[in-house]
Each structure stands twice: as structure tokens, then as C-alpha cells.
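Please open the model in your viewer and keep the sequence panel beside it. The stops below say what to select next and what can be found there.

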Amino acid sequence: MSARIDDGSPPGSPRHDPVVPHELSVGQVSQRSGVSASALRFYERHGLITSVRTSSNQRRYRRDVLRRIGVIKATQHLGLPLAAIREALQLLPQGSAPTEADWARLAARWQRDLDDRAARIQLLRERLTGCIGCGCLSMKLCPLVNAGDRVAGSGAGAHFLDPAAAEVVA
């Protein structure tokens, strides 16, 4: 499972390796990416990465999967939902590693979501000691921000943790 690569770089340079594995095993990807084999299977099950199967039914990954895993780990660290990560990865070219320009497009796409999350965190931080956002469900009256339970008409949940809703009902 290796391919001879001649990319034109001078012999002895890091890119000029006469025998580079064309595809990587689960163990190799796990070791190189720092992601467990079970996480790789999870990513694959959820459409974030793909593999091919050998004749003995073992998974093999293209080398570009390492960069995709880097993107996945970075976006998970930001707290983005799996669906948003999958949707964004589908916009990337298949069969090649995401480039700096690809990452810039994805980052711009997520900027609004991240700004909204930051606003929610700030609001939660400001109200954390006095109120849990009126999502307690058992209180009929909240002397702090929901006198007369006026938010009940908005449905269940912690409405005051949404900055837009907090402005409307406050």
C-alpha cells in the first residue's frame, strides 16, 4: 500500500521520500492525529471523513484526512455542533487537504455563530449568580426578571439566555 512519489523536490528533502504510504491505517491516522480509533470511526459514521476498505475489510484513509481531522478538532474546540462541521466539510474539495484559503472561508462562515455564542456566554456570566435564565420550570414567580411569569407565553426553556429574547421580555 505505498506509492512512489516524485514531486520534483531535491533528494533528501522532507518532501522527497521515495516510498510514502499512499493510504494510512486506522492506527497510523490515530497516532498522527492524536484522535482515538473509536473517534475516527465516529467521524466516519457521521460523514466527517471517509475511508476505503482493503480486501480484508480494513479501513484505509487518504493522507489528506489528517488535515480534515485538524479542522474537525479545531471546530469542536470552538463548540460548533457536529452538523455545522459536517456541512462545512462538504464544501471542501474532496481528495485533497484543506488549504489556508479553505480554512479562511470556513472561519468567515462561522464568525456570526461564534459571535452569537460569545454574546450568550457573556449574558450567562452576568446573570449566573442571580438567575439561571428562567428555565427552572418549577417557579411560578421570579422576582428577579420574570415577575408574574410573563415569559410563560414564550414556551418552555431558558429564554433569558438568548440575547435577542432577553431584550424583548426584560
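Two strands are taken to pair if DSSP finds at least two bridges between them, and helices (H or I, at least four residues) and strands (E, at least two) are themselves DSSP runs, numbered from the N terminus. This is a predicted model, in which local features need pLDDT of at least 70 and side-chain atom pairs count only at pLDDT 80 or more, while totals for chains, interfaces and linings use all residues. Residues are numbered from 1 along each chain as its sequence is written, and side-chain values use heavy atoms, with hydrogens and water left out.

**Colour by confidence**

Begin by colouring the chain by pLDDT, the predictor's confidence in each residue, from 0 to 100. The chain averages a pLDDT of 75, and 64% of the residues score at least 70. Among the elements of the chain, helix H2 has the highest mean pLDDT (95), whereas strand E1 (residues 2-4) has the lowest (40). The pLDDT is below 50 over residues 1-9, a stretch that has 23 contacts in the model beyond near neighbours in sequence, contact meaning heavy atoms within 4.5 Å.

**The sheet and its loop**

Next select strands E3, E5 and E4, which form an open sheet of three strands in the order E3-E5-E4, with antiparallel pairing. Strand E3 (23-25) and strand E4 (52-53) are the edge strands, each pairing on one side only. Two bridges join E4 to strand E5 (residues 59-62), and Val52 stands opposite Arg60 in E5.

From there, move to Asn57 in the loop between E4 and E5, where phi is near 65°, a positive value in a residue other than glycine. Asn57 counts as exposed at 52% relative accessibility; here buried means under 20% relative accessible area, exposed over 50%, and partly exposed in between (1.4 Å probe, protein chains only).

Now select Glu44, which is found in helix H2 (residues 37-45). Its side chain makes a polar contact with the side chain of Arg59 (2.9 Å). A polar contact is a pair of N or O atoms within 3.5 Å; within protein, one must be able to donate a hydrogen and the other to accept it, and residues adjacent in sequence count only if both atoms are side-chain atoms. Not counting residues up to four places away in sequence, Glu44 touches Ile49, Thr50, Ser51, Arg59 and Tyr61.

Asp64 can be selected next, in the loop between E5 and H3. Is Asp64 buried or exposed? At 13% relative accessibility, Asp64 counts as buried, and its side chain makes a polar contact with the side chain of Arg62 (2.9 Å). Leaving out residues up to four places away in sequence, Asp64 touches Gly95, Ser96 and Ala97.

**The nonpolar core**

A nonpolar core is a set of buried Ala, Val, Leu, Ile, Met, Phe, Trp, Tyr and Cys residues joined through side-chain atoms within 4.5 Å. Of the 22 residues in the largest such core, Val29, Leu40, Ile49 and Ile69 touch the most other members. Helix H3 (65-77) is one of the elements that give two or more residues to this core, and H3 gives the most, with five residues. Centre the view on Val29, whose contacts, leaving aside neighbours within four places in sequence, are Leu24, Gly34, Leu40, Tyr61, Val65, Leu66 and Ile69.
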